[in-house]
Amino acid sequence: MKLLLRWVLPTVLLAAFLHFLLIWRTPELVTTLAFRSMQRLRPLDWNAFLHQPRLAEASDPNQTATSPDIVYSIAFYDLSSGPVRLHCVIPETGNYWSVSTYAWNTDNFFVENDRTAPAREFDLVLKLPGAVYHPRAGERVLTSPTTRGVILLRAIISDRENKKELALISAAQRKSAVVPVRPEAGH
């Protein structure tokens with residue numbers, strides 16, 4: 001019995017520790033690996049969108065697309081120097097559009113879509129817990145649970161051959177932006 005306890009108890013404790021460590025650290029590892037793999041494909045800046053090219057132009061067979069019917073824009077944000085403003089522009093296509101924010105540990109803490117958005121263009125400010133920020137008129141403030149995270153914009157394309165639809169989505173992508181909030185602006 002002593003031999004059993006001498007091996008079983010440490011094994012169970014080690015298994016519990018490793019299980020906890022795996023569950024606790026894997027989400028952050030996933031985000032870090034995604035950032036690094038994207039960084040290898042093209043240089044990324046913090047607090048700036050990387051827009052997927054228009055699908056009509058993205059005919060490279062080596063390019064991987066997650067879905068041929070969705071155009072993505074992604075930004076990795078960093079709040080270590082203060083809040084950032086996310087300017088969202090919904091394409092005038094009538095198709096589904098959404099913005100989602102994720103903490104570095106992959107927790108989704110905000111989602112807005114074209115049906116629930118307050119306007120076709122609106123601003124969100126991301127800040128850390130405890131940070132003081134006084135919003136401008138019409139601005140909403142989101143508290144990010146982590147200093148770094150991910151912003152994902154998605155727009156559905158109903159017809160990949162419709163140049164007008166693609167132009168509207170591309171125009172909205174170009175107008176959408178993540179910018180640090182400047183302290184001299186009184187915020």
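**Exercise 1. Which residue in the hairpin of β4 and β5 takes a positive phi, and how many residues lie between the strands?**

Step 1. Find the hairpin: four residues sit between β4 and β5. Strands here are DSSP runs (E, at least two residues), and helices are H or I runs of at least four, numbered from the N terminus.

Step 2. Look at the phi angles: Thr-106 is the residue with a positive value, near 75°.

Step 3. Check the pairing, where two strands pair if DSSP finds at least two bridges between them. Strand β5 (residues 108-113) joins β4 over five bridges in the antiparallel sense. Ser-100 has Val-111 as its bridge partner in β5.

A quick note before going on: this is a predicted model, in which local features need pLDDT of at least 70 and side-chain atom pairs count only at pLDDT 80 or more, while totals for chains, interfaces and linings use all residues. Residues are numbered from 1 along each chain as its sequence is written, and side-chain values use heavy atoms, with hydrogens and water left out.

**Exercise 2. Which strands do bridges join to β8?**

Step 1. Start with β2: nine bridges tie it to β8 (residues 148-156), and the two run antiparallel. Tyr-77 has Gly-149 as its partner in β8.

Step 2. Now try β4: seven bridges link it to β8, again antiparallel. Here Tyr-102 is partnered by Val-150.

**Exercise 3. Why is β2 largely enclosed by the rest of the structure?**

Step 1. Count the buried residues (under 20% relative accessible area with a 1.4 Å probe, protein chains only; exposed is over 50%, partly exposed in between). In β2 (residues 70-78), nine of the nine are buried, so the rest of the structure largely encloses this strand.

Step 2. Sort by direction. Ile-70, Tyr-72, Ile-74, Phe-76 and Asp-78 point one way, while Val-71, Ser-73, Ala-75 and Tyr-77 point the other. In a regular strand, side chains alternate between the two faces of the sheet.

Step 3. Find another partner of β2: three bridges join it to β1 (residues 49-51), running antiparallel. His-51 stands opposite Ser-73.

**Exercise 4. How many residues of β4 are buried?**

Step 1. Go through residues 97-103: six of the seven are buried.
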